[in-house]
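Hello,

Here is the structure I promised to pass on to you. Have a look at it first, and then read on for what turned up.

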Amino acid sequence: MSNQPKLGECLKALRRRHGWTLQEVNQRTGVAVSTLSKVENDQMSLTYDKLLQISEGLGIALAELLSPSGGAGTALARRSIGRPGEGLPQVTPNYDYLYLCTELQRKRMVPVLTTVKTRDIAGFGPLLRHSGEEFIFVLDGAIEVHTDHYAPVRLETGGSIYIDSTMGHGYVAVGEGDATILGVCSSPDPDLEGTLRSLFTA
């Protein structure tokens, strides 16, 4: 039994791999910093319910939480190949989405190819908000990025932006025709793709 990894060692190794502080783990999981610290220092253990709370809050499998290597061998075996036109489409008033690599579950990043159709922020409706962060790269055309805390910014083909997705945000096409962008969203939400899709189905 002495060769079995300790929970504290596993949790600390997981935090270091992801660059998380105890405060960030607390914010993601709701487990007190003092509790997390005691666990890492082998001063206390956790109930099964608490373990599930941590794994779900961090968006990881319970097995990864209990492995000092984080299940790296399994994670490295995942892959998804996309062919032109393949993906899960979703049509909304402002955007036409094509979600990519949808056969992979519990992804930590959600790649989305998006056609920006709307051309007037006044008719956009409420700005979008969701957990995590996102990176946007303009593949074709030009867009204007509107957010809660910054003045609008125009991005031409080849331009990009990285934002906190909890901040209200919206993109409108400017110039001639629609614009095409590639977005990559990330979040501790274990079903981020489902959450994003539900923003337009409520």
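Let me start with glutamate 193, which counts as buried because its relative accessibility is 13%, under the 20% cut-off. Before you go further, please keep in mind that this is a predicted model.

What does the side chain of glutamate 193 meet in a salt bridge? Its partner is lysine 107, with 2.9 Å from N to O. Glutamate 193 belongs to helix 7 (residues 192–198), while lysine 107 sits in the loop between strand 2 and strand 3, so this contact ties together parts that are 86 residues apart in sequence. Lysine 107 is likewise buried, at 12% relative accessibility.

By the rule used here, the structure has five salt bridges in total. Two others may interest you.

One of them joins lysine 117 to aspartate 96, and the closest N and O atoms are 2.8 Å apart. Here, too, distant parts of the chain are linked: lysine 117 is in the loop between strand 3 (109–116) and strand 4 (133–140), aspartate 96 is in strand 2 (residues 95–99), and the two are 21 residues apart. Are these residues buried or partly exposed? Lysine 117 is partly exposed, with a relative accessible area of 25%, and aspartate 96 is also partly exposed, at 26%.

The other pairs aspartate 148 with arginine 129, again with 2.8 Å between the closest N and O atoms. Aspartate 148 lies in the loop between strand 5 (142–147) and strand 6 (153–155), and arginine 129 lies in the loop between strand 3 and strand 4, so the bridge ties together parts that are 19 residues apart in sequence. Both ends count as partly exposed: aspartate 148 has 35% relative accessibility and arginine 129 has 42%.

Now for the inside of the protein.

Best wishes

Methods: Residues numbered from 1 in each chain as written. Predicted model: local features only at pLDDT ≥ 70, side-chain atom pairs only at ≥ 80, totals over all residues. Heavy atoms only, no water. Salt bridge = Lys/Arg side-chain N within 4 Å of Asp/Glu carboxyl O. Helix = DSSP H or I, 4+ residues; strand = E, 2+ residues; numbered from the N terminus. Buried < 20%, exposed > 50% of the residue type's maximum accessible area, 1.4 Å probe, protein only.
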